Amino acid sequence: MCKHQIFILGSLGLIFGVGLGDFLSFRPMVVLIGVLACIVVLKFGQTRWFAPTSFILFFFFVLFGLAYVGFYRTNQKPSHLPFNQQTTFQGTIIREVDREPDAQKIIVRTDKFVKLTNIYIKTARYPEYEFGDLLQISGKLKKPEVFDGFNWPGYLEKDSVYSILINPSKIERISQNRGNLFISRLYHLRQKFEDSLNRSFPEPNAALTAGIILGVKRNIPNNLMDNLNKTGLTHVVAVSGYNVTIIVTILVGLGISRTIKRRFQILTGFIIFFVLLTGASASVVRGGIVAWLSIWARANSRIAWPLPLLLATILVMILHNPLILIHDIGFQLSTAAFFGLLF
């Protein structure tokens, strides 16, 4: 088998193993025995009593995927949380606050328990909290539950969230600017960009433009959002690979650099900046990786073949967080759409 075939077969096996690991209980000894069996077969070659090497290789990567998602979950999940007990803790907001007309949804990280723990909190709309705020919170932690067929525990687990706190009895800001300084500056820059659009365009044009460029939907009027849903155009305001592709194409067309190496460096920096600016959701990260791999291939006089490009993108993302494969609908739809465009 050539390297190209090994990569495709191994990638498919690992992806299948990660997906399968979401439905099976992790048994380290079973995985270890399977890996050893694969190594023995590959070491001593094929005989008429053993399956072809390609099957053994695929099975080996399936086992690796099972082991990887099992170890990932074991490492991420806190060993003990005081559910249904009144508790007080301090936590720092680690994600951009999701604001609704009558509520705020916050994810905080606390060291109150055995290991660093993320907690989902839903509280009143005011006072408003921001990324990097250190909060003092009191209330009863609950386990997220499945509702209306939606696997909410799995959806939160992909963000390492295993407990929720709805309407805490007390929440108080202790200090500000405790988060990552670079990310905080990016959020501030995005807010200034939104304010600039609001000054430049009337509504709903400003909100729609912010949605198209940055994927920000919170200011889009309900009637416009309903019309987008009815006509199947919601993807226009969902930041994904097409946002990255359009802007990269514009930069290349403007001739940002005469040398390929310098252009590659500039575009790499821009892709990282744009992905972080838009919140680094799974769909835009996928688009950023695809764009970067395509630019890298061109800079190194290589061809970005569709299937290896898609598989490499999926591999990078699930090795960072294997739980998005099953529990992140944005990643699934974005990848499926990209697959359809390629093939």
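The model is predicted, so local features need pLDDT of at least 70 and side-chain atom pairs count only at pLDDT 80 or more, while totals for chains, interfaces and linings use all residues. Residues are numbered from 1 along each chain as its sequence is written, and side-chain values use heavy atoms, with hydrogens and water left out.

**Whole chain.** Along the principal axes, the C-alpha atoms fill a box of roughly 70 × 60 × 40 Å. Of the 343 residues, 41% count as buried; buried means under 20% relative accessible area, exposed over 50%, and partly exposed in between (1.4 Å probe, protein chains only). For contacts (heavy atoms within 4.5 Å) between residues at least 6 apart in sequence, 68% join residues at least 24 apart.

**Largest nonpolar core.** Next, select Ile15, Ile314, Met317, Ile318, Leu325 and Phe331, which touch the most other members of this 20-residue core. A nonpolar core is a set of buried Ala, Val, Leu, Ile, Met, Phe, Trp, Tyr and Cys residues joined through side-chain atoms within 4.5 Å. At least two residues of the core come from each of α1 (3–21), α10 (282–299), α11 (306–320), α12 (324–327) and α13 (329–342), and α11 supplies the largest share, eight residues. Centre on Ile318: not counting residues up to four places away in sequence, Ile318 touches Leu14, Ile15, Val18, Tyr68, Ile324 and Leu325. A second, separate core of 19 residues can then be picked out through members including Tyr187, Val244, Val284 and Ala291.

**Helices α9 and α10.** Select residues 260–277 for α9, which packs against α10 at an angle of about 175° with the axes 10 Å apart. Axes are lines fitted to C-alpha atoms, for helices over the stretch in contact, and angles run from 0 to 180 degrees between N-to-C directions. The pair is therefore roughly antiparallel, a class for angles over 145 degrees. On the α9 side, the contact includes Phe264, Leu267 and Phe274; on the α10 side, Trp292, Ile295 and Trp296 are among the residues involved. By class, this contact has 13 nonpolar, two polar and no charged residues.

**Threonine 335.** Finally, move to helix α13 and select Thr335. Thr335 is buried, with a relative accessible area of 11%. Leaving aside neighbours within four places in sequence, Thr335 is in contact with Arg286, Leu310 and Ile314.

Terms used:
Helix = DSSP H or I, 4+ residues; strand = E, 2+ residues; numbered from the N terminus. Parallel < 35°, antiparallel > 145°, perpendicular 65-115°, else oblique. Nonpolar A, V, L, I, M, F, W, Y, C, P; charged D, E, K, R; others polar.
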